[in-house]
Amino acid sequence: MATDFKSIPIIDISLLLAKCDDPKMGEDPGVCRVVKQLDQACREAGFFYVVIFMHKGHGIPESLVNEVKRITHEFFDLTYEEKLKIKLTPAAGYRGYQRIGENVTKGIPDTHEAIDCYKEIKQEMYGSLGKPMEGCNQWPLNPPNFKSLMEEYISLCTDLSRNIMRGIALALGGSPYEFEGERAGDPFWVSRMIGYPGVSIANGQAQPENDIGCGAHTDYGLLTLVNQDDDITALQVRNLSGEWISAPPIPGTFVCNIGDMLKLFSNGLYESTLHRVINNSPKYRVCIAYFYETNFDAAVEPLDICVRRTGGTAKFCRAVYGQHLVSKVTTNFVTP
Ligand SMILES: N=C(N)NCCCC[C@H](N)C(=O)O
Ligand SMILES: O=C(O)CCC(=O)C(=O)O
Ligand SMILES: [Fe+2]
């Protein structure tokens with residue numbers, strides 16, 4: 001349950017990563033320290049920063065973290081005509097480029113453009129459940145190595161998220177592998193490369209338009225990794241009394257937050273916290289958001305361990321992740 005947090009905690013997960021392949025990791029004192037911090041952050045804010053740390057092959061090189069932002073700026077700098085070559089359509093499984101104003105949150109067009117990518121869903125893979133999302137990603141040919149960079153980045157984000165989820169599973173009082181197997185052993189993922197135009201400066205006067213880059217929403221799956229531009233504060237997180245708390249960029253970190261499926265698994269012990277984006281700076285801002293999800297066809301219900309810790313009653317009904325995603329994706333777009 002979210003509280004009146006005033007800032008978002010920073011967690012160094014290197015001791016967790018060092019032991020994440022050890023089945024006895026739950027007994028390690030260093031892991032326990034990280035797990036405690038994860039538990040507190042997930043209960044109080046549903047948001048935390050993780051320090052990206054390379055340890056025995058775990059983590060993501062900072063050069064790649066920066067390179068994906070740089071190449072995303074390069075893509076959004078292209079003409080509309082060029083960008084529309086990979087236009088998002090329902091027939092393409094909602095994969096590809098959407099113009100500014102095409103994504104809608106709670107009925108209001110968002111001031112952002114984006115490329116949406118999803119793990120591939122082959123034809124008939126999940127029957128009617130997966131049909132709307134079937135397809136391959138539409139990658140731009142320009143800039144040339146966009147696809148290979150993003151695929152490498154996404155694969156490292158998947159590994160990192162699995163390892164953070166092992167810590168979160170321990171934090172909930174389970175085994176490190178609660179979120180593997182039938183629940184999220186074949187994790188679905190979503191990645192959005194997002195661009196938010198800066199505010200224009202007219203007549204030599206800054207005119208903060210308070211344009212909403214992305215309206216208040218929660219994320220849909222388990223865990224989100226936000227890789228944002230270094231010099232603009234735009235992401236805001238809502239605390240219990242309704243104040244918007246900024247999540248400024250901290251170089252060398254990702255912002256992590258909890259999605260709807262983890263709220264459900266945890267029986268509300270952890271919240272999928274509302275957040276929004278307002279870019280009031282004159283500079284164009286990019287963000288690479290990576291969403292780590294359950295198996296596409298996972299039936300998600302409160303874990304017994306969490307039900308016991310929250311008074312013995314399940315607060316949520318079972319939900320199928322793929323249905324939740326499809327209901328969002330099929331209502332997120334308007335044709336401007
Ligand atoms: N895959 C995720 N989580 N995407 C987040 C997008 C949030 C905005 C969307 N229009 C909405 O209203 O949900
Ligand atoms: O741009 C950001 O910092 C966050 C974007 C976001 O919340 C989302 O795409 O779900
Ligand atoms: Fe989000």
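Predicted model: local features only at pLDDT ≥ 70, side-chain atom pairs only at ≥ 80, totals over all residues.
Let me start with K106, which sits in the loop between β4 and β5 (108–109). K106 is not a glycine, yet its phi is positive, at about 50°, and with a relative accessibility of 65% the residue counts as exposed.

As background, most residues other than glycine have a negative phi, and most peptide bonds are trans. A second residue with a positive phi is Y94, again not a glycine, with a value near 60°. Y94 lies in the loop between α4 (80–83) and β3 (96–98), and Y94 is buried, because its relative accessible area of 13% falls under the 20% cut-off. The peptide bond that leads from N142 to P143 is cis, with omega near 0°, and P143 belongs to the loop between β6 and α5 (146–171).

Several elements supply at least two lining residues each, among them the strands β7 (189–196) and β16 (285–292) and the helix α9 (321–329). By class, this lining divides into 18 nonpolar, twelve polar and eight charged residues.

The second largest pocket holds about 190 Å³, and its lining has five nonpolar and five charged residues, with no polar ones. Among the residues that line this second pocket are E182, R183, F265, L303 and R318.

Where does F265 sit? F265 is part of helix α7, which covers residues 260–265, and F265 is buried, with a relative accessible area of 1%. Leaving aside residues up to four places away in sequence, F265 touches several others, including F179, L222, T294 and C306. L303 is also one of its contacts; although F265 and L303 are 38 residues apart in sequence, their C-alpha atoms are 5.3 Å apart in space.

I will finish with helix α3, residues 62–76, whose 15 residues reach 22 Å from the first C-alpha to the last, close to the 21 Å expected. Which residues of α3 are buried? They are L64, V65, V68, K69, I71, T72, F75 and F76. Viewed down the axis of α3, these buried residues fall within an arc of 165°, so they line one face of the helix.

How values were computed. Residues numbered from 1 in each chain as written. Chains lettered and ligands numbered in written order. Heavy atoms only, no water. Helix = DSSP H or I, 4+ residues; strand = E, 2+ residues; numbered from the N terminus. Nonpolar A, V, L, I, M, F, W, Y, C, P; charged D, E, K, R; others polar. 1 Å grid on protein atoms, 1.4 Å probe; cavity = no way out; pocket = protein on both sides within 12 Å on 5 of 7 lines; lining within 4 Å. Points joined across faces, edges and corners; volume = space filled by probe spheres on them. Buried < 20%, exposed > 50% of the residue type's maximum accessible area, 1.4 Å probe, protein only. Contact = heavy atoms within 4.5 Å. Expected span 1.5 Å × (residues − 1). Arc of directions from axis to C-beta.
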